Amino acid sequence: MHTFAVARAVRGIEPLVAMEIRRSHTGVVRGVRHREVWFEARPEADLLGLRTADDVLLAAAVVDGIGSGRSALLRLARAAREVDPRLMGAPGSGVEVSASFVGRRNYTRFEIEDAVGAELARPLRVPYHSRRDGRRPPAGARSWRVTIEDDQAVIAVRVAPRPLHRRAYKTASIRGTLHPPVAAAMAQLARLGGAGTVLDPCCGAGTTLIEARALASEGAGAARVRFLGFDHDPAAVTAATLNARAAAPGGQAAPGGQAAGAGATVAWAVADGGRVPVGDGCADRVLVNPPWGRQVPPAGLLSRGLAPLWREVRRVLAPGGLAVALVHDGIPRGFAVEEAVEVSLSGQHPLIAVLAPR
Ligand SMILES: C[S@@+](CC[C@H](N)C(=O)[O-])C[C@H]1O[C@@H](n2cnc3c(N)ncnc32)[C@H](O)[C@@H]1O
């Protein structure tokens, strides 16, 4: 039996999530819409192995013609009552529901959550945990989502106990650390097949290279890839080292059970992105999420602007090499854009740009 699944995504990277679903044979993509990719999951597919998705849910009910009137609450409650009991899962510590909608409606998200949650909890004889007044559901509660877009509502249940974007390896963090699915999208855009050295000159907690290592581990020749991460801040280098160790095969926390790059080498060091301590042309790929704005101020040689960083990126790239950068202030000079994807992140709209030195 094929199951209809919904992968939730950061705005902008939905097509990359669809690409990953196809590439990994997780399922057959049936539709891409705002922050969602719908697909028929293959039997036995490892849904938790998707790295570009924020979360994966199984669709339990679709209600068409939902409208903006309050009768929608009754229709949603009825749909929840009719959910296939096989999707209910173990009773756990209860049921929690998170609802969202686009457009003006004559009901609130909390009213939707309460209407659906009460019905989902009833047959299991477990409590429904409301999110009203900022309350947080207890650990172990089965998580459901209701999304309403245009005239269609979907009731879906989360596959994993927690959202996929919360990587178990990320035990150490820094300010401005990158959302892992966006790092995974950058790695996917970098076309890592055949790359020998992948470098991040502002590595922070190591997310770009850890995600790249996991992706590269799927391909032939992965064992020979060398990952080099540098950061001006020693605390960031410590965080990257800990996270990479946790993500490694045999580490305590490989996400989604994936092997994360058997045999590949990873090295982290303190260095200034304006003077990267490697020779000319030695990196096939650069992945970089540079410091910007007030949250993560550029330090050292970058404190007066990122020009020295981009000069170094051009210098270290091998002929035919590519940089994939998350840029907030336009495309840096000296690069041609091969591809650009605008994403929505924390209220900002940076570009993931695939850059080839001119
Ligand atoms: C946006 S954060 C990178 C986040 C990282 N991708 C992650 O997932 O954690 C930018 C990083 O640039 C570093 N940085 C600031 N100035 C630098 C410089 N001159 N050279 C290298 N790194 C620098 C900061 O310490 C910070 O870790």
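Predicted model: local features only at pLDDT ≥ 70, side-chain atom pairs only at ≥ 80, totals over all residues.

Reader: What is the strand order of the open sheet of 8 strands, and what is its pairing?

Author: Strands of a sheet pair through backbone hydrogen bonds, either parallel or antiparallel. Here the order is β2-β3-β1-β4-β8-β7-β5-β6, and the pairing is mixed. The edges are taken by β2 (27-33) and β6 (128-129); each has a single partner strand, so one side of each is left without a neighbour in the sheet.

Reader: In which sense do β2 and β3 pair, and over how many bridges?

Author: β2 and β3 (residues 36-41) are antiparallel, with 6 bridges between them. One of the pairs to look for is Arg33 with its bridge partner Glu36 in β3.

Reader: Which strands does helix α1 lie across?

Author: Helix α1 (residues 14-23) lies across β1 (3-8), β2 and β3, and its direction is at about 170° to that of β2. Another helix to view against strands is α3, which lies across β5 (95-101), β6, β7 (142-149) and β8 (152-158). The angle between α3 and β5 is about 145°.

Reader: How many strands form the other open sheet, and in what order?

Author: That sheet has 7 strands in the order β11-β10-β9-β12-β13-β15-β14, again with mixed pairing. Its edge strands are β11 and β14 (335-342), each of which pairs on one side only. Direction ignored, neighbouring strands of this sheet are turned by 15° against each other on average.

Reader: In which sense does β10 pair with β9, and in which with β11?

Author: Strand β9 (residues 197-200) and β10 pair in the parallel sense over 4 bridges. Within that pairing, Asp200 stands opposite Gly229 in β10. On β11 (residues 265-270), the pairing with β10 is also parallel, over 6 bridges.

Reader: How many residues of β10 are buried?

Author: In a regular strand the side chains alternate between the two faces of the sheet. For β10 (residues 226-231), 5 of the 6 residues are buried, so the strand is largely enclosed by the rest of the structure.

Reader: Which strands does α5 lie across?

Author: α5 lies across β9, β10, β11 and β12 (283-288), and runs at about 170° to β10. Helix α6 (residues 234-247) also packs on the sheet, where it touches β10 and β11. The direction of α6 makes about 165° with that of β11.

Reader: Is α5 mostly covered or mostly uncovered?

Author: An α-helix has 3.6 residues a turn, so residues three or four places apart point the same way. For α5, 10 of its 10 residues are buried, and the helix is mostly covered. The buried residues include Glu211 and Arg213, as well as Leu209 and Ile210.

Reader: At what angle do α4 and α5 cross?

Author: Two packed helices are described by the angle between their axes and the distance between the axes. The axes of α4 (residues 180-189) and α5 (residues 207-216) cross at roughly 55° and come within 8 Å. That angle makes α4 oblique to α5. The crossing is right-handed. From α4, the contact uses Pro180, Ala183, Ala184, Met186, Ala187 and Gln188; from α5, it uses Thr207, Thr208, Glu211, Ala212 and Leu215. By class these are 7 nonpolar, 3 polar and 1 charged.

Reader: At what angle do α2 and α3 pack, and how far apart are their axes?

Author: Helix α2 (residues 71-81) packs on α3 (residues 109-121) at an angle of about 25°, with the axes 8 Å apart. Angles under 35 degrees count as roughly parallel, and α2 and α3 are therefore described that way. α2 passes α3 in a right-handed crossing. Leu73, Leu76, Ala77, Ala80 and Arg81 in α2 meet Glu111, Ile112, Ala115, Val116, Glu119 and Leu120 in α3. This contact has 8 nonpolar, no polar and 3 charged residues.

Reader: Is Ala121 buried or exposed?

Author: Ala121 belongs to α3. Its relative accessibility is 4%, so Ala121 counts as buried. Leaving aside neighbours within four places in sequence, Ala121 is in contact with Val95, Val126, Pro127 and Tyr128.

Note on methods. Residues numbered from 1 in each chain as written. Heavy atoms only, no water. Axes fitted to C-alpha atoms, helices over the stretch in contact; angles between N-to-C directions. Helix = DSSP H or I, 4+ residues; strand = E, 2+ residues; numbered from the N terminus. Parallel < 35°, antiparallel > 145°, perpendicular 65-115°, else oblique. Left-handed = near helix turned anticlockwise from the far one by under 90°. Contact = heavy atoms within 4.5 Å. Nonpolar A, V, L, I, M, F, W, Y, C, P; charged D, E, K, R; others polar. Buried < 20%, exposed > 50% of the residue type's maximum accessible area, 1.4 Å probe, protein only. Pairing = 2+ DSSP bridges.
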